Amino acid sequence: MATFAEALLYNFVGKDGDDEEKDFFVKTKQDRKHYEAFLQDYDGNELAEQQLDRKDFNAAIIKSENGEIDYVPDQGRDFQYNLEQLGLKVDFQLNEVDYINRERIRAKYHYRCQYCGRRGHSVDHKDPVSLSHNNSLDNLILSCSECNRIKSNMPFKLFKKLNDHISDINKKLVKYENALGTLQGEFERHRRELAVKMHLKGVVNDPELNAIRKQNKKLQDAIDSLQSDYDSLRKMRESYFNTGWKIAEENQKQDII
Ligand SMILES: [Zn+2]
């Protein structure tokens with residue numbers, strides 16, 4: 001960066017003792033201001049720095065300065081527009097944590113929710129980023145969408161404490177998830193087999209086909225019943241967390257009136 005800053009300074013102010021306007025690489029004072037503003041937009045913009053290499057950013061500026069790109073960043077336009085005109089792209093919709101970090105965190109935790117142990121893909125802030133403004137890796141954890149939703153803005157310590165009390169329930173959730181996954185896979189396999197046999201036989205009604213249908217119906221009933229037990233356990237767990245949070249807040253209130 002130091003070298004580039006030097007080069008830029010040189011471009012802006014010209015050579016020592018040479019104050020002729022024609023020797024400026026960036027020709028007008030106005031243009032220099034635009035470049036300065038554009039550089040400042042990049043500096044300190046986390047998303048831009050994460051997604052766009054400074055080398056590429058600098059290269060684009062140089063192309064603009066020497067006319068290879070016929071566009072000078074405009075202070076009156078927003079940063080993203082200026083980037084696009086220079087052929088650069090930054091996705092400002094992304095959260096502060098870029099996707100490479102997200103993938104790293106998922107792999108680190110083996111795609112498992114660190115609260116309940118089920119499959120998880122949500123990269124979460126232990127302490128809500130809205131409160132802590134902490135995007136560092138040690139404030140990030142992997143969770144399932146359900147734990148993520150339940151935790152919401154609950155303080156990490158409280159959520160962790162409540163969660164530690166129900167480790168056996170969490171183990172059950174993992175078993176439910178695994179069992180349902182296996183059964184659903186089996187059901188899909190049977191359904192495909194039935195479709196193939198129906199096609200081969202060329203009839204819809206047939207004793208063998210009906211026997212398979214009966215089996216599939218049993219399997220589907222087993223899945224439904226398991227899913228319903230799983231759902232009630234999940235609901236119970238969710239209200240446990242919600243109540244736990246309310247109780248903790250109530251407990252902290254000093255005055256009744
Ligand atoms: Zn979870």
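How many of the 46 residues of α11 are buried? The count is two, and the helix is hardly covered; a buried residue has 20 or more other C-beta atoms within 10 Å of its own, an exposed one 12 or fewer, and a partly exposed one a number in between, with C-beta atoms placed from the backbone. The model is predicted, with pLDDT of at least 70 required for local features and 80 or more for side-chain atom pairs, while totals for chains, interfaces and linings use all residues. Residues are numbered from 1 along each chain as its sequence is written.

Helix α11 spans residues 207–252 and reaches 68 Å from its first C-alpha to its last, close to the 68 Å expected (1.5 Å times one less than the number of residues). Helices (H or I, at least four residues) and strands (E, at least two) are DSSP runs numbered from the N terminus. Glu186, in helix α10 (residues 167–201), lies 8.5 Å from Leu219, C-alpha to C-alpha, at a sequence separation of 33 residues. Glu186 counts as partly exposed because it has 14 C-beta neighbours inside 10 Å.

Strand β2 (residues 140–143) is covered on both faces, with Leu140 and Leu142 buried on one side and Ile141 and Ser143 on the other. Strands β1 (residues 122–125) and β2 pair in the antiparallel sense over four bridges (pairing requires at least two DSSP bridges).
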